[in-house]
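Subject: Structure handover

Hello,

Here is the structure we spoke about, with my notes below it. Please read the notes with the model open.

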Amino acid sequence: MTNKKILITGASRGLGLAISQKLSSQYHLILHASSPDSFTSIPPNSQILCADLSNPEQVTGFCKQLKKEHGDSLYGIINNAGVTFDNSLIFQPEKAIDAMLNVNLRAPIMICKTAMKIFSLSKQGVIINISSIVGETGNAFQAVYAATKAGLVALSKSLAQEAASLNEEHKIRVLSISPGFIETDMTNTIPEKEKEKYLKMIPSKRFGSAEEIADLVSFLLSEQSAYINGTNIHINGGLA
Ligand SMILES: NC(=O)c1ccc[n+]([C@@H]2O[C@H](COP(=O)([O-])OP(=O)(O)OC[C@H]3O[C@@H](n4cnc5c(N)ncnc54)[C@H](OP(=O)(O)O)[C@@H]3O)[C@@H](O)[C@H]2O)c1
């Protein structure tokens, strides 16, 4: 167990929950969700810090608290919380567009801003932004969601380059992960027929598990991946 602290947003369910379970034996965790009530269990060595990421004021408060309470030993950020409201853009309500932009892109940008300030002083840290395959391929009825996920890839690559200008000698890395089809609450709502269609398109002939994403996150936080930086890692069973 190190004294390094890792923030995981959206840690109450799905990928975030699996990531927190995987990391809890190695790091001190700061677990985020929209409300403390969202958690059914909390792994050991964890603290909870909640905010509704669709609300910019709450995001500002969250970032301030993160810096004040955890800034001294913050080492990792996993920007994982995300929402999708699938619809044709023509019919997409403005409220849903704003929610996706705020939760999936604005909040990670603000959290990255806070982390970059902290990491520029400690000269070390890893940011992992959870993007999606659709950020590269696009997807009908997910135009806004896909746009936010593409934004996370560009954000990560840009910040990896920016880190070099903050400090000549530093160990700051910024990465994104683009999962394909992973079984969680987010994908459970997809109709069975759609799922069958996707299965046929995946060379590995199965959907991914949240634990497989957690394994990748754990590796990317570790020293073994010290030379992996400023890039987007696909994990999708070969889905193109
Ligand atoms: N599942 C997939 O196949 C897949 C594929 C590609 C990318 N991804 C990405 O992976 C990430 C995790 O996905 P998932 O499938 O694990 O999703 P999920 O099961 O739906 O869980 C979403 C998490 O985000 C949090 N969240 C949602 N809206 C929030 C808000 N307004 N404020 C604060 N927290 C909020 C939720 O907290 P509450 O419990 O409090 O609501 C929950 O912890 C997302 O960014 C998603 O886009 C998933």
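Phe141 is exposed, at a relative accessible area of 53%. Here buried stands for under 20% relative accessible area, exposed for over 50%, and partly exposed for what lies in between (1.4 Å probe, protein chains only). Phe141 sits in the loop between helix H4 (134-137) and H5. Helices (H or I, at least four residues) and strands (E, at least two) are DSSP runs, numbered from the N terminus. The phi of Phe141 is near 70 degrees, a positive value in a residue other than glycine. Most residues other than glycine have a negative phi.

Before you go on, note that this is a predicted model, in which local features need pLDDT of at least 70, side-chain atom pairs count only at pLDDT 80 or more, and totals for chains, interfaces and linings use all residues. Residues are numbered from 1 along each chain as its sequence is written, and side-chain values use heavy atoms, with hydrogens and water left out.

Other single residues

Lys205 also has a positive phi, about 60 degrees, and is not a glycine. Look for Lys205 in the loop between helix H7 (192-201) and H8. Its relative accessible area is 54%, so Lys205 is exposed.

Pro44 belongs to the loop between S2 and strand S3 (46-48). Pro44 counts as exposed because its relative accessibility is 56%. From Pro44 to Arg173 is 129 residues in sequence and 27 Å in space, C-alpha to C-alpha.

Is Thr9 buried or exposed? Thr9 is buried, with a relative accessible area of 2%. The loop between S1 and H1 holds Thr9. Leaving out residues up to four places away in sequence, Thr9 touches His32, Ile78, Asn79, Asn80, Ala81 and Ile111. Contact means heavy atoms within 4.5 Å.

Ala150 is part of helix H5. At 30% relative accessibility, Ala150 counts as partly exposed. Ala150 and Ala164 are 14 residues apart along the chain, and 23 Å separates their C-alpha atoms.

Helix H8 covers residues 210-221. Its 12 residues should span 16 Å at 1.5 Å a residue, and its end C-alpha atoms are 17 Å apart, which agrees. The expected span is 1.5 Å times one less than the number of residues.

Which residues of H8 are buried? They are Ala210, Ile213, Ala214, Leu216, Val217, Ser218, Leu220 and Leu221. These buried residues pack against several elements, including helix H1 (14-23), strand S1 (5-8) and strand S7 (232-235). In H1, the buried residues are Leu15, Gly16, Ala18, Ile19, Ser20 and Leu23. They pack against S1, strand S2 (28-31), S4, S5, S6 and H8.

H1 and H8 pack with their axes 8 Å apart, at an angle of about 55 degrees. That makes H1 oblique to H8. Axes are lines fitted to C-alpha atoms, for helices over the stretch in contact, and angles run from 0 to 180 degrees between N-to-C directions. Angles under 35 degrees count as roughly parallel, over 145 as roughly antiparallel, 65 to 115 as roughly perpendicular and the rest as oblique.

From H1, the contact takes in Gly14, Leu15, Ala18, Ile19, Lys22 and Leu23. From H8, it takes in Ala210, Glu211, Ile213, Ala214, Asp215, Val217, Ser218 and Leu221. The contact of H1 with H8 has 9 nonpolar, 2 polar and 3 charged residues. Ala, Val, Leu, Ile, Met, Phe, Trp, Tyr, Cys and Pro count as nonpolar, Asp, Glu, Lys and Arg as charged, and the others, Gly among them, as polar.

H3 and its partners

Helix H2 (residues 56-70) packs on helix H3 (residues 94-122) at about 25 degrees, with the axes 10 Å apart. H2 and H3 are therefore roughly parallel to each other. H2 brings Pro56, Val59, Phe62, Cys63, Leu66 and Lys67 to the contact. Among the residues from H3 are Asn102, Arg106, Met110 and Ile118. This contact of H2 with H3 divides into 9 nonpolar, 2 polar and 3 charged residues.

The axes of H3 and helix H5 (residues 143-166) come within 10 Å and cross at roughly 10 degrees. H3 and H5 are therefore roughly parallel to each other. The contact includes Ile97, Leu101 and Met116 of H3, and Val144, Leu152 and Leu166 of H5. By class, the contact of H3 with H5 has 15 nonpolar, 4 polar and 1 charged residues.

Best wishes
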